[in-house]
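Thanks for coming. Please have it on the screen.

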Amino acid sequence: MSLSRALRRLFIDLDGVLADFHTPLVGLYGLEPNALTEADWAQVGEWGLSVPKDDLWQRVQAVGAEFWAELPELPWTQELWAACRAACSEVIVLTTPGPFPESLAGKYAWVVEHLETSKMLIGSPKEACSKPGHVLIDDREGYRKRWEAEGGEMLTLQRPWSPQGDSPADVIAALRGFAARGASPKPAKT
Ligand SMILES: [Mg+2]
């Protein structure tokens, strides 16, 4: 896949890309994050905690907006965010909420505090924001078909649940290269 040269808007996902949603999530089940294997994390990322999704959301909702407002950053969060801002004049956080209103409040608070912007869209479906020149960075490869069907292009961030993606370092390097050269932000495979 090649990304077009036109990068008019850059959309970036929150959970699993800029905010560490998954470590606190396993904590809600009393699991020790450091004890989980890569395969375990792959399951976590695919909602595979071997629990019904309803149960999972009930646990998150019990914490309230604070669950999202207090998510830790990922090791690459600030570098990735800065690289996005350098590559494109319009960067918008694009995130799907959990199935309850506290989720929206917590996500908004997180973005304002950690990214110092209020440019974000919380909703679904993501592909409603897709068109030529619109690039999405997300950790869910499953969005690709629907996003690209609308004309946009997608970079998948590599996580244990998306091993086919590009590593955070490669995505950051590609965005920096784009900012410097005005070239395609497609990461070079290393
Ligand atoms: Mg995500």
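In which helix is Thr77 found? Thr77 is found in helix H5, residues 77-87. Before going on, the caveats. This is a predicted model, so to speak plainly, local features need pLDDT of at least 70 and side-chain atom pairs count only at pLDDT 80 or more, while totals for chains, interfaces and linings use all residues. Residues are numbered from 1 along each chain as its sequence is written, and side-chain values use heavy atoms, with hydrogens and water left out. Helices (H or I, at least four residues) and strands (E, at least two) are DSSP runs, numbered from the N terminus.

Back to Thr77. Is Thr77 buried or exposed? Thr77 is buried, with a relative accessible area of 0%. Buried means under 20% relative accessible area, exposed over 50%, and partly exposed in between, using a 1.4 Å probe and protein chains only. The side chain of Thr77 reaches the backbone nitrogen of Leu74 at 2.8 Å. Setting aside neighbours within four places in sequence, Thr77 is in contact (heavy atoms within 4.5 Å) with Leu18, Trp110 and Leu115.

Now the rest of the helix. Thr77, Leu80, Trp81, Ala83, Cys84 and Ala87 are buried in H5. Down the axis of H5, these buried residues fall within an arc of 160 degrees, so they line one face of the helix; the arc is that of the directions from the helix axis to the C-beta atoms. What covers them includes strand S1 (9-12), strand S2 (91-95) and helix H6 (101-115).

Next, S2. Why is S2 described as largely enclosed by the rest of the structure? Because 5 of the 5 residues of S2 are buried. Val91, Val93 and Thr95 lie on one side, with Ile92 and Leu94 on the other. S2 runs parallel to S1, joined by 3 bridges, and Leu10 stands opposite Val91. S2 also pairs with strand S3 (residues 120-122) in the parallel sense, over 3 bridges. Here, two strands pair if DSSP finds at least two bridges between them.

Last, the metal. Which residues coordinate the magnesium ion? They are Asp13 (OD), Asp15 (O) and Asp139 (OD), at 2.0 to 2.2 Å. Donors are N, O and S atoms within 2.8 Å of the metal (3.2 Å for Na, K and Ca); water is not among the atoms, so sites may look incomplete. Asp13 counts as buried, at 5% relative accessibility, and Asp15 is buried at 12%.

Key
Polar contact = N/O pair within 3.5 Å; in protein donor to acceptor, adjacent residues only side chain to side chain.
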